[in-house]
Structure formats: structure tokens, C-alpha cells
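The following note sets out points for a colleague who is reviewing the model. Please read each point beside the coordinates.

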Amino acid sequence: MADFTIIDSHLHLWDPARLTYPWLSEVPAIGGPRLPRDFRAASDGFDVKKMVFVQCDAAPEQARDEVRWVAELAAGEEPRLAGIVAWAQVSRGAAAADELDWLAGVPLVRGVRQLIQGEADDGFCARPDFVRGVQLLGERGLSFDLCIKGDGQFQSVLELVERCPQVEFVLDHLGKPFISESRIEPWAGCMRRLAEAPNVFCKISGMSTEADWNDWSVDDLRPYAEIAFEAFGPDRVMFGGDWPVVDLASSWAQWVRTLDELTAGFSASDRHKLFHDNAASFYRI
């Protein structure tokens with residue numbers, strides 16, 4: 001067992017009996033309910049102090065219901081739920097203001113995510129309305145989780161970040177590099193450019209699911225982790241478990257042990273920042 005305390009900055013929970021998740025039909029292996037008791041079983045033996053819930057792409061009209069449900073869980077059976085990253089359609093621009101006002105009034109909401117990964121590499125998140133919607137987050141003290149896939153989306157993300165200097169961003173899953181293809185560039189160069197922006201952090205998460213699900217090793221992940229650590233430094237990286245999506249390629253516990261091995265050469269202070277302090281600071285928990 002890893003002998004350190006953990007804040008998991010990237011946890012999903014869902015209950016298809018309560019909310020509708022259209023995408024789960026595509027991944028039947030994780031299509032059933034994933035509730036706090038299931039995560040407690042998955043993380044048994046590890047000292048998880050707090051978790052940040054990240055939106056699960058429920059049907060858009062149920063976005064507020066998802067926030068309310070997680071807030072209920074935090075007030076009841078799972079008090080370690082210390083923050084929520086909610087869904088909001090920031091691409092609506094100024095028209096998203098009312099929704100963001102509502103979210104900003106929910107005590108546990110710390111940030112917002114609208115997925116970019118499924119959009120075409122055509123500058124989607126650099127469009128004026130998307131940029132304006134994200135700028136509104138900064139005015140409300142909310143962060144933005146960047147979930148992208150494909151080297152082509154990095155360019156528009158760089159433009160978005162440049163135009164939103166008052167917003168704190170965190171890149172989910174290292175930008176989903178092509179680990180299964182053993183391809184480093186141009187991802188590595190994009191990561192270094194993005195890390196030049198001081199208001200961007202990086203979640204060390206989702207790596208095994210970007211590798212060959214059935215045949216990956218620690219060494220397959222190592223070069224990507226090293227580039228992320230080098231680019232963002234010890235103060236802007238945070239552990240994310242990505243449970244239960246991680247179950248497609250490994251258990252949550254196996255991922256923690258893998259990252260423990262990948263950071264064996266870190267100082268005790270830098271490991272504590274990665275597994276605990278940086279998430280606590282970024283999400284204000």
C-alpha cells in the first residue's frame with residue numbers, strides 16, 4: 001500500500017437509474033451504477049482524504065440534477081466529496097451567464113467542464129462564444145477542465161488559454177497522448193507550449209486507458225509522465241484516478257501503484273504536492 005495521503009482530483013460517479021448517460025451504451029464494461037460504496041471498495045487500503053467529482057456527460061437537461069445529486073452524496077454518505085466540476089455549455093458565450101451564476105451559487109462547485117475531445121480539430125474552443133463563456137468563469141471564480149484528444153486540438157486550446165488569463169485551467173489526462181502508438185511528437189511539444197502559461201495545471205490521470213488496455217506496462221507510460229512532470233514542474237501537477245473509466249485498462253489501485261513507481265525518485269515534498277497539495281490548492285478544498 002502507498003504510504004501517502006491522497007486527494008483524487010478526478011472522480012466520476014453515476015447512477016443510470018437516476019440520470020441518463022447516453023455514452024455509457026458504448027462501454028458496457030462500466031455501464032452499470034458506480035456509486036460511493038463502489039469507490040470505497042476500489043480504493044480500500046489507501047488513505048483518500050478528499051475527492052473532486054467531475055461531470056459525467058449526463059443528458060444536458062439533467063446537468064443541474066447531477067450537481068444536486070452529488071451535493072446530496074457529499075452531505076450524506078460520502079463527505080469526502082469536497083468539490084464538483086460541473087457541466088455547462090460555455091460555448092453559448094454570454095448566454096451561458098445565468099447557468100454559470102447558478103453553478104457559482106452551489107457551495108461545492110469549483111469548476112466547469114464542457115468536453116472538447118469529441119469536437120473536430122477546427123478551432124472549436126477558440127471560437128468567440130466559447131472564449132467568452134470561459135472568460136465568464138474567471139469572473140465567477142470558477143476553473144475550467146480541458147478535456148481534449150488529438151494533437152490538432154492543442155492549437156485552439158493554446159489560443160483559448162491566451163485569451164483567458166484570469167481563468168485557471170487544468171488539462172485532463174495529459175491531453176490524451178497516443179501511448180498505444182508509442183508516439184511522442186507533436187504531443188510533447190504541445191505540452192511544453194501549454195505549460196508556458198502559468199495558469200494551466202495538468203492532471204496525471206487517464207494514462208493506462210490511452211495505452212493498450214490489455215497489454216501495457218509502467219515503462220510504456222514512463223516517457224509521457226516524465227514529459228508532463230518536466231513541462232509543468234512539481235507545483236502544477238495533480239493526481240487523478242479517473243475512476244471508474246480507469247477500470248477499462250486497470251484497477252484504480254493499480255494506477256495508484258503505477259504512479260507511485262513512476263515517481264519513486266521524487267522528493268517527499270514533491271510527491272505530497274502531486275498526490276495531495278496541488279489539488280487542494282487548485283480546487284480550493
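1. P128 belongs to helix α4; helices (H or I, at least four residues) and strands (E, at least two) are DSSP runs, numbered from the N terminus. With a relative accessibility of 60%, P128 counts as exposed. The classes applied here are buried, under 20% relative accessible area, exposed, over 50%, and partly exposed, in between, with a 1.4 Å probe and protein chains only. From C-alpha to C-alpha, P128 is 8.5 Å from S91, although 37 residues separate P128 and S91 in sequence.

2. The model is a predicted one, in which local features need pLDDT of at least 70, side-chain atom pairs count only at pLDDT 80 or more, and totals for chains, interfaces and linings use all residues. Residues are numbered from 1 along each chain as its sequence is written, and side-chain values use heavy atoms, with hydrogens and water left out.

3. Helix α4 comprises twelve residues, 128-139, and should span 16 Å at 1.5 Å a residue; the end C-alpha atoms are 17 Å apart, which agrees. The expected span is 1.5 Å times one less than the number of residues in the helix. After α4 comes G141, with a positive phi near 70°.

4. The buried residues of α4 are F130, V131, G133, V134, L136 and L137. Their packing partners are α3 (97-104), β4 (109-113), β5 (143-146), α5 (152-163) and β6 (169-171).

5. Helices α6 (residues 187-195) and α7 (residues 218-232) have axes 9 Å apart and pack at an angle of about 25°. Axes are lines fitted to C-alpha atoms, for helices over the stretch in contact, and angles run from 0 to 180 degrees between N-to-C directions. The two helices, α6 and α7, are therefore roughly parallel, since angles under 35 degrees count as roughly parallel, over 145 as roughly antiparallel, 65 to 115 as roughly perpendicular and the rest as oblique.

6. On the α6 side of this packing are W187, A188, M191, R192 and A195, which meet Y224, I227, A228, E230, A231 and F232 of α7; contact means heavy atoms within 4.5 Å. By class, the residues of the contact between α6 and α7 are nine nonpolar, no polar and two charged. Ala, Val, Leu, Ile, Met, Phe, Trp, Tyr, Cys and Pro count as nonpolar, Asp, Glu, Lys and Arg as charged, and the others, Gly among them, as polar.

7. Most residues other than glycine have a negative phi, and most peptide bonds are trans. The bond joining E185 and P186 is cis, with omega about 5°, and P186 sits in the loop between β6 and α6. A cis peptide bond also runs from W243 to P244, with omega near 5°; P244 is placed in the loop between β8 (237-239) and α8 (252-262).

8. L174, not a glycine, has a positive phi of about 55°. L174 lies in the loop between β6 and α6 and is buried, at 0% relative accessible area. R284, likewise not a glycine, has a positive phi near 55°. R284 falls in the segment after α9 (268-282) and counts as partly exposed at 42% relative accessibility.

9. Where is K203 located? K203 is in strand β7 (residues 200-204), and its relative accessibility of 0% makes it buried. Apart from neighbours within four places in sequence, the contacts of K203 include D145, D172, L174 and Y283.
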